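Hi everyone, thanks for coming. Please take a moment with the sequence and the structure, and then I'll walk you through what is there.

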Amino acid sequence: MLGFISKKAVIRGVVSRGAVIYGPTEISEGCFVDDAVIGYPTRGRLMYVLEKSSDATEALDEVSLGAYLGPRCIVRSGCIIYEEVMMEDSVELGHGVLIRSGSVVRSGSRIGSFTQLDGKVLIGKNVNIQSNVYLPHLTKILDDAFLGPGVTMTNDLYPVASSLKGPTIGAKAIIGSRAVILPGVNIGEGAVVGAGSVVTRDVKPYTVVYGVPAREVYSREEYDRRKAMYELKEG
Amino acid sequence: MLGFISKKAVIRGVVSRGAVIYGPTEISEGCFVDDAVIGYPTRGRLMYVLEKSSDATEALDEVSLGAYLGPRCIVRSGCIIYEEVMMEDSVELGHGVLIRSGSVVRSGSRIGSFTQLDGKVLIGKNVNIQSNVYLPHLTKILDDAFLGPGVTMTNDLYPVASSLKGPTIGAKAIIGSRAVILPGVNIGEGAVVGAGSVVTRDVKPYTVVYGVPAREVYSREEYDRRKAMYELKEG
Amino acid sequence: MLGFISKKAVIRGVVSRGAVIYGPTEISEGCFVDDAVIGYPTRGRLMYVLEKSSDATEALDEVSLGAYLGPRCIVRSGCIIYEEVMMEDSVELGHGVLIRSGSVVRSGSRIGSFTQLDGKVLIGKNVNIQSNVYLPHLTKILDDAFLGPGVTMTNDLYPVASSLKGPTIGAKAIIGSRAVILPGVNIGEGAVVGAGSVVTRDVKPYTVVYGVPAREVYSREEYDRRKAMYELKEG
């Protein structure tokens, strides 16, 4: 990236020299944007670029609808934020995070390096998403949920189907590392999914599931009891 | 990336300002290449660079054998395409796709963000590869196959062995998200592998397998029947 | 990245035009650093940047403590190496490798593309780490170990817990593709973990485990015998 800031952009935060900011993007006060791309146009708009221009950078800027970053967001190097993405205040991204058009990330959420929000994805408040997570179009992650590294969610039960259904992860749910969540599955509020599990059915609130396919093993209450004992022992 | 276009390159498409194009790379008409690296030299050539030059960019350009992009290809920002890669027409890449030297991608195939073709990999026509897929040296994916997000294939049965064997995925096969395919495994034409499965043996054409390790569960015919019913129900 | 070399940096190797080198980073003789970021400051230092400066690049450089690359290291494009990372001699990185502050990579080790060392991670000598591997804070990988593509390790048994425990992988151990290693698990010297396994308990030295959860299936001696037969047969 050569560094480019659109004349249409409103920049109130600090932006690195190599950042590429397309279209009427708004970067609020207290933000830090490193060498990242913000306001990248969607595919249809790319095609429009191809037909009419020989300067791709100018053309991408011309067609971009821009993105919005609320106050005090951190966007590290290598991130790519599409147009029509809305980040509320105090959102923090690792490196190389990819967020497609139409996604919303609510205040205080953190997203780890190389994680993808690959379509219209809703991330609630204070969600903690680790690295290498894949969230397809129509995924919803509610407030205070935790997603471990490498979690993969899916939206197409019979690829390539005409109807896509994103999973919904309830508030305060915990999804262990590398778990796979099948299309349209609802993980209940406060539920826990063990690392490496493949979740093929809905999970009831405040239950713990594990395995391939995932089965109920105990309750969230029991999980919290074990956690407290572990923390006591480990100091 | 600072933006660099080799004097040896032939550029007929639209190239972004930050793109880095090494060696006698050919970019055909109707292509769009964003801030990506094309024609990157292999390791042996890198070593040659180290010994003779203090300007790495010039030296990488001097030794590069170039890559070939057919008409109407799309290469998004962050992609790295090595020298001696051949992409036919209408190939579309997401962001951060890595394609190593010797790979061939045939016409109409799409490859999702952060997917790696890590050696000589053959991708047939109209293949649909989602994000975060890992395909090692000697993998073959035949026409019209579908690979879900996070699929990982392997080529080394007893690491680190002297003999590598890539998997072969038959035409029209469907590989579910996060599935692992062991070295040298043949997935038959039209076969289906369930999400999260670990496939340790060959899969017969038009069968559906699932689990760790994957076992046959029903036929492709039954899969297509279920899919049709699902699509009817979901509208 | 626009290309930036700190006045405080000591550069004895070859550096590409788009490389970004922050702070008192030392790049030893025989190194090749492509369009990568070296010496990136940690989060606390980023915050300091936000409060005092409008030129992020200058500010990141001012606060950076720098990194150290020993002789003959190769750092490919897209890598991000934080401050206080120490790489001994002849370390080789693929593209897009992320190494966080406090990590040490000892001589002769190789790390594949888009692999993350996400915290203080110790990599021994001549370790072979493939692509897309995730190693969290406090992970230790001892000499001559092999990690297949997509291996994910974890450090938080009950997320989000107050006490983190990284796994330890013994010398000469082999971890198959996409395996998941749970927090604090010790994989013994020379042990082998099958592809796609989820390892929930310690693994004894020179044993082979497989499955979800992983169980002992045979000995390393038997593995080596099978490997020798396979290599004889496959030529």
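**How the chains meet**

Let's begin where two chains touch: 31 residues of chain B are in contact with 39 residues of chain C. By contact I mean that the C-beta atoms of two residues, placed from the backbone, lie within 7 Å. A quick word on the source: this is a predicted model, where local features need pLDDT of at least 70, side-chain atom pairs count only at pLDDT 80 or more, and totals for chains, interfaces and linings use all residues. Residues are numbered from 1 along each chain as its sequence is written, while chains are lettered from A and ligands numbered from 1 in the order in which they are written.

Sorted by class, the side of chain B facing chain C holds 21 nonpolar, 9 polar and 1 charged residues. Here Ala, Val, Leu, Ile, Met, Phe, Trp, Tyr, Cys and Pro count as nonpolar, Asp, Glu, Lys and Arg as charged, and the others, Gly among them, as polar.

Now to the symmetry. The superposition is by least squares on the C-alpha atoms of residues with pLDDT of at least 70 in both. Only 16% of the interface residues of chain B are also interface residues in chain C, so the copies meet through different surfaces. Chain A can be laid on chain C too, with an RMSD of 0.0 Å, by a turn of 120° and a shift of 0.0 Å along the axis. These copies use different surfaces as well, and 13% of the contact residues of chain A recur in chain C.

**Two helices in chain B**

How do H1(B) and H2(B) cross? Their axes come within 9 Å and cross at roughly 135°. That makes H1(B) oblique to H2(B), oblique being whatever is left once angles under 35 degrees count as roughly parallel, over 145 as roughly antiparallel and 65 to 115 as roughly perpendicular. The axes are lines fitted to C-alpha atoms, for helices over the stretch in contact, and angles run from 0 to 180 degrees between N-to-C directions. On the H1(B) side, Arg45(B), Tyr48(B), Val49(B) and Lys52(B) make the contact, and on the H2(B) side Ala56(B), Ala59(B), Leu60(B) and Val63(B) do. By class, this contact has 6 nonpolar, no polar and 2 charged residues.

**A sheet in chain C**

Over in chain C, an open sheet of 9 strands runs in the order E2-E5-E8-E11-E14-E17-E20-E23-E26, with parallel pairing. Two strands pair if DSSP finds at least two bridges between them. At the edges are strand E2 (10–11) and strand E26 (186–187) of chain C, each pairing on one side only. Strand E23 (residues 168–169) of chain C and E26(C) pair over 2 bridges, and Ile169(C) has Ile187(C) as its bridge partner in E26(C).

Key:
Helices (H or I, at least four residues) and strands (E, at least two) are DSSP runs, numbered from the N terminus.
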